[in-house]
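Welcome! Let us take a friendly walk through a protein model, one topic at a time.

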Amino acid sequence: MAISDETLIKAGVNTGLIEVPVLERLRIDARRQRTAILPLILAQYRFPTSALYRAVAEVNGLDYIDLSSRKPHADLLKKVPANLIKRKQLLPIIDGDSAQLVISDPKDRGTIDSVLRLLGTNLPLVMADVQVLRLMIERALPSTASSDSENTAEDEIDLVELLDLIIREAYLNQASDIHFVTEEEGLRVRLRIDGKLRDHPIDANASVAAGLVSRVKVLSGLDIAETRQPQDGGFSYHLAPPIDREFNVRVATAPTRLGERITMRLLGQESGGLSLTDLGMLANDLDRFKTTIKKPYGLILLTGPTGSGKSTTLFAALQEINDPEINIMTVENPIEYVMEGVSQIQTGHKISFADALRSLLRHDPDVLMVGEIRDHETADVSVKAAMTGHLVFSTLHTNNAVSAVTRLIDIGCEPFLIGSTLTAVIAQRLVRRLCTHCRKSRLATDEERNLLGATEDDVTIFDSVGCAICQGRGFRGRLGLFETFWIDDTLSRLIAQGADEDKIEKEAGDKLQFMWEDGCQKVLNGMTTLDELQNVAIHKTHAMIEAH
């Protein structure tokens, strides 16, 4: 039995998910547009319906569980009529050695009491994602309809609508990637949310899986007949109102044992709201970064692995300096963020990064952004552009900031050119940001204090808990950890002389802050956890360099 929209909204208000002034404005909009208010709320706050069901559980003092690791209790299931389970959407499940009753509406006490009497035991009540619960019930109690009617129903599945629903849910969950994986049971859909993969409930057999894969390949301009070779493509996708948002989707296919898998990356979802303040830089680094990006010329590099937020940082920087009086031009593959007032070129088979960059130099640019330096030609043109009076931004794949110098030399750039043009290198990784609504403080252990480099006896750090606002994850969004390398005249001369990384690190002083040090400060500030820091950064500090 479905909970009413008003009950969901009330629970959202009570748990802090929904703000009353915003709700009143949305009610006016809903009346004016003659539409339901719930889709407007989901679009406004960008969370899925399951977040409101979690809020209902929280308001009623019930646990909200993940059904992916549970299974129906076969013996208890036989005691309850199948039509009652399907109509009221509740299910007895096994949780380790004990049993629980998953319910969809905690206010329906009459049904709950009747089911508990039929079961002959007073099971603890829990709630879960209603979509997952519905799928689990359907699989536990298969329909008695004939196979012909089942095949007809499968044939009538609207693949266009199904794909739109998946992309919409990915957007509302603030996912960065969508994975389509073909398995023996059918299609498995996974969303990468805050850097972690999570299953998305979907009931799609092999034929539906093949249809969805073909639909994505058609949208991406890929060859649907080619199933034995990897392919890359992309498309622009528009989500209908009330979301009313358009963004680019980068697509990659790969053949597997059971069929093709597809990975879709959602690009530029937040292009309108990029700002340096939101990146997570500490005040000192943020001031230095703002000063550096406003210099008239030089080379600024962002380094890190794929998916570490380099492009987001670059475009936040471009947004900061974007002004009608300067000419900003970019070379990218693909174009991830669309920016007003910026000329953006996408490279492809007919034009390389180096070719596009040479062309842009004839268009009187003040600022150039090169999506990635991956070869000598692109590096050479970028360095020489920085030397001839342009401010150049780019990315490089290295493990830390100082090794960017070594990488440029390996590519074939002369040390004296690097030393005279390079102004800053920022290495970054992403960690999950603690939910400020439910995080729990505690005193750090001796071992944790040593790792954090804290000298005080009483050091407070925070653990993740989970609530309706963060959808039970304990984290809400991500922030960057930064290793910053600010290059002054002394460091420029060292680089020009071909000094190695160890010597540069020893001479850098306060011009180099290691990622571990930045992360420790953010752990102490309650922005993330020590576990998150240890997942992405190596324990390295200036004290270790000096001791070495």
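Which side chain meets that of R190 in a salt bridge? The partner is D199, with an N to O distance of 3.8 Å. Please keep in mind that this is a predicted model.

## The chain as a whole

Let us step back for the overall view. The protein chain contains 23 helices and 21 strands. Its radius of gyration is 27 Å, close to the 24 Å that the globule rule gives for 548 residues, so the chain is as compact as a globular protein of that length.

Along the principal axes, the C-alpha trace spans about 85 × 65 × 50 Å. Of the 548 residues in the chain, 50% count as buried.

## Salt bridges

Side chains of opposite charge can pair when their charged atoms come close. In the whole structure, a search finds 28 salt bridges. One of them joins D177 and R265, whose closest N and O atoms are 2.9 Å apart. D177 sits in strand 6 (residues 175-183) and R265 in strand 11 (residues 259-267), so this pair ties together parts that are 88 residues apart in sequence. How accessible are the two partners? D177 is buried, with a relative accessible area of 4%, whereas R265 is partly exposed at 23%.

Another salt bridge links E184 with R257, and here the closest N and O atoms are 3.9 Å apart. E184 belongs to the loop between strand 6 and strand 7, while R257 belongs to the loop between strand 10 (245-256) and strand 11, so the pair connects parts 73 residues apart in sequence. E184 is exposed, with a relative accessible area of 63%, and R257 is exposed as well, at 71%.

Now back to the pair from the opening question. R190 is partly exposed, with a relative accessible area of 23%, and D199 is partly exposed with 45%. These two residues also belong to a network of salt bridges that links E183, R188, R190 and D199.

## The second largest pocket

D199 turns up again in this part of the tour. The second largest pocket holds about 1,200 Å³ of space. It is lined by 39 residues, and the closest to its centre are S68, V132, D199, H200 and P201.

Which elements supply at least two residues each to this lining? They are helix 4 (49-59), strand 1 (63-65), helix 8 (130-140), strand 7 (186-193) and strand 8 (196-200). Strand 7 gives the largest share, with 7 residues. By type, the lining residues divide into 16 nonpolar, 9 polar and 14 charged.

## An open sheet

Strand 1, which supplies residues to the pocket lining, is also part of a sheet. Strands of a sheet pair through backbone hydrogen bonds, either parallel or antiparallel. In what order do the 5 strands of this open sheet run? The order is 1-5-4-3-2, and the pairing is mixed. Strand 1 and strand 2 (71-72) are the edge strands, each pairing on one side only.

Strand 1 pairs with strand 5 (residues 125-128) in the parallel sense, over 3 bridges. To find a bridge in the 3D view, look for Y64, whose bridge partner in strand 5 is M127.

Methods
Residues numbered from 1 in each chain as written. Predicted model: local features only at pLDDT ≥ 70, side-chain atom pairs only at ≥ 80, totals over all residues. Heavy atoms only, no water. 1 Å grid on protein atoms, 1.4 Å probe; cavity = no way out; pocket = protein on both sides within 12 Å on 5 of 7 lines; lining within 4 Å. Points joined across faces, edges and corners; volume = space filled by probe spheres on them. Helix = DSSP H or I, 4+ residues; strand = E, 2+ residues; numbered from the N terminus. Nonpolar A, V, L, I, M, F, W, Y, C, P; charged D, E, K, R; others polar. Salt bridge = Lys/Arg side-chain N within 4 Å of Asp/Glu carboxyl O. Buried < 20%, exposed > 50% of the residue type's maximum accessible area, 1.4 Å probe, protein only. Pairing = 2+ DSSP bridges. Rg over C-alpha atoms; globule rule 2.2 N^0.38 Å.
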